[in-house]
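The following paragraphs go through the two chains, their contact and their packing. Please keep the sequence and the model in view while reading.

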Amino acid sequence: MVQNASKISVSGLNFYYQKKQAIFDLNLKIHANSILSVFGPANSGITTLLRSFNRLCDLTPGAHMEGQILLDGKNIYAPDIIVTELRRKVGMVFDVPTPLPMSIFDNIAYGPRLSGMKSKKLLFQSVEEALKMAALWEDVKDRLSMPAASLSGGQQQRLCIARVLALKPEVILLDRPCSGLDPISTAKIEESLSHLKEKFTIVIAPHNVQQAGRISDRAAFMLMGHLIEEGPARAVFANPQDQRTNDYITGRFG
Amino acid sequence: MKTNSRAGEKIAKLLIWSTALFVLVVLVAISAYILIKGLPRINWHFLTEIPRNMGRSGGVASTIVGTLLVTAVAIIIAMPFGIGTAFYLAEYTKESMITRIIRFSAESLAGIPSIVYGLFGFIFFVIYLNLGWSILSGGLTLAIMILPTIIRTSEEAILSVPKVYREVSFSLGGTKWQTIIKAVFPSAIRGITNGIILSVGRSVAETAAVIYTAGSALRMPVSLFSPTRTMAVHFYILAREGISLENAYGTAALLIILIFLINVVANMLVNRFIAKGR
């Protein structure tokens with residue numbers, strides 16, 4: 001693996017909701033097979049940035065952008081991009097667990113089924129594989145037909161991660177995935193993420209600075225729509241180049 | 001102060017409790033009265049024979065068949081259009097002049113007295129389209145009458161499906177259609193069904209809109225073009241013309257039982273569908 005291969009490359013990104021600008025002239029390169037934490041206070045444009053990587057932003061009326069986002073060198077906003085294929089490559093885990101009102105199995109099989117997988121055997125294989133990668137298999141293997149809503153919050157969030165993994169994505173976006181979870185569930189999710197980065201490129205909005213410090217290879221600090229600084233996590237947290245980053249990390253605001 | 005607010009709490013509870021009790025008593029009283037008067041009339045002959053002597057004797061078999069067929073035609077026609085329109089309004093379009101016009105029309109249509117639908121059905125289906133007094137004319141008229149109800153209840157059911165279900169489905173690579181069918185519809189189906197059950201009830205119980213369009217023939221219908229008399233019309237005529245009050249009560253009791261059965265069966269079907277989906 002070439003260390004510096006950038007999986008996602010953002011240049012000159014400006015993002016607007018109607019007239020309100022959410023992201024200002026943002027440039028960022030995201031390395032493959034690593035975990036990037038994009039952290040900062042609320043309303044910094046982090047969710048918007050993540051949602052622009054798989055074009056979920058398209059769903060918000062009045063949202064529009066300028067600039068370029070490249071995935072493996074290809075502009076994901078080019079007219080010939082098939083959005084559903086892009087979203088299979090760039091999976092998303094939301095800030096609250098979002099099981100669909102169906103069984104555990106059907107939740108995980110949702111993505112594969114959308115892309116036309118019908119064979120029971122293949123579906124079962126991908127469900128099992130995804131659940132194992134998300135470290136949930138042992139918890140649920142005997143009750144795959146139970147409603148997903150019957151799981152605990154932490155299990156539900158790992159279910160959502162498994163659901164994304166079943167798409168066989170290349171990039172996984174996690175938008176404050178542990179915000180409502182207890183420390184033990186959080187630790188479990190962080191542990192599975194550290195395994196997953198071997199196969200995937202992970203971009204996470206951590207729910208606090210400590211989490212960012214624990215799990216990331218690289219870190220990016222955003223404030224009010226501006227990318228303040230980005231670099232190797234250790235450097236950003238130990239020796240931030242920008243005063244505002246330093247103030248945020250040391251808890252002076254945010 | 002403290003005792004005051006506690007007393008207020010008790011009074012409020014009592015008031016609310018008594019309104020609910022009052023409604024329950026009225027409902028039970030009416031149903032019980034009709035069932036007590038009507039049930040003794042219901043037996044095998046009443047169910048299987050067609051009315052004789054204008055309904056003075058014989059049964060009500062042809063009116064049961066007529067009611068079911070007219071209602072079935074109405075639901076089969078109104079359901080796809082109603083649900084389709086609801087999905088259009090809720091999922092496929094932004095708020096615009098057109099959606100406002102559709103909503104306003106639906107609301108206005110819902111408020112029109114059913115006799116007006118009857119008159120329209122008579123002029124348009126019976127005479128202009130030359131369908132005559134028939135199950136088809138009656139069913140089409142009822143379909144127009146219940147359409148607004150189905151649209152509004154379905155739209156509300158669709159809009160009440162959490163937005164995250166749609167986002168999840170899109171984020172997993174779903175197209176709009178896949179998202180609607182797999183993520184939205186299963187969650188909305190209970191609300192949609194409630195609207196349809198409501199509409200079935202209204203169709204079964206309707207008189208004014210069908211008396212001019214389906215007719216009041218007592219023969220057993222042989223096709224959708226046959227005229228027929230629904231149960232509601234039958235007991236209206238029996239009571240109004242003073243033909244047989246006993247048979248009117250019998251028909252009314254049967255109508256109540258029919259509506260009850262339709263409710264139970266529809267709920268069972270939905271529960272089974274939902275259970276299968278989980």
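Chain B has 11 helices and two strands, where helices (H or I, at least four residues) and strands (E, at least two) are DSSP runs, numbered from the N terminus. This is a predicted model, in which local features need pLDDT of at least 70 and side-chain atom pairs count only at pLDDT 80 or more, while totals for chains, interfaces and linings use all residues. Residues are numbered from 1 along each chain as its sequence is written, and chains are lettered from A and ligands numbered from 1 in the order in which they are written.

Along the sequence, the elements of chain B follow the pattern α-α-β-β-α-α-α-α-α-α-α-α-α. The C-alpha trace of chain B spans about 65 × 65 × 40 Å along its principal axes. Of its 278 residues, 38% count as buried; a residue is buried if 20 or more other C-beta atoms lie within 10 Å of its own, exposed if 12 or fewer, and partly exposed in between, with C-beta atoms placed from the backbone. Two residues are in contact if their C-beta atoms, placed in that way, lie within 7 Å. Among the contacts in chain B with a separation of 6 or more, 74% come from residues 24 or more positions apart.

Chain B is divided into domain 1 (2–41) and domain 2 (44–277), with bounds that come from an automatic or database domain assignment. The C-alpha centres of domain 1 and domain 2 of chain B lie 30 Å apart. Seven residues from domain 1 of chain B and eight residues from domain 2 of chain B take part in their contact. On the side of domain 1 of chain B that touches domain 2 there are three nonpolar, two polar and two charged residues. Here Ala, Val, Leu, Ile, Met, Phe, Trp, Tyr, Cys and Pro count as nonpolar, Asp, Glu, Lys and Arg as charged, and the others, Gly among them, as polar.

Within chain B, B:Thr71 is placed in helix H3 (residues 61–92). B:Thr71 counts as buried because it has 27 C-beta neighbours inside 10 Å. Leaving aside residues up to four places away in sequence, B:Thr71 touches B:Val200, B:Ser203 and B:Val204.

The contact between the chains takes 17 residues from chain B and 21 residues from chain A. On the side of chain B that touches chain A, helix H7 (163–171) and helix H8 (176–205) of chain B each supply at least two residues. H7(B) gives the most to this side, with six residues. The residues on the side of chain B divide into seven nonpolar, seven polar and three charged. In H7(B), the residues B:Tyr165, B:Val168, B:Ser169, B:Phe170 and B:Ser171 are buried. The buried residues of H7(B) pack against helix H2 (83–89) and E6 of chain A, together with H8 of chain B. After H7(B) comes B:Gly173, with a positive phi near 90°.

Strand E3 (residues 35–39) and strand E9 (residues 218–223) of chain A run parallel and are joined by four bridges. A:Ser37 stands opposite A:Ala219 in E9(A), and A:Phe39 opposite A:Phe221. Six bridges join E9(A) to E10(A), which run antiparallel, and A:Ala220 stands opposite A:Glu230 in E10(A). Six of the six residues of E9(A) are buried, so the strand is largely enclosed by the rest of the structure.

The largest nonpolar core has 133 residues, a core being a set of buried Ala, Val, Leu, Ile, Met, Phe, Trp, Tyr and Cys residues joined through C-beta atoms within 7 Å. Those with the most contacts inside this core are A:Ala162, A:Leu173 and A:Val203. Helix H6 (residues 135–159) of chain B gives the most to the core, with 13 residues.

Conventions:
Pairing = 2+ DSSP bridges.
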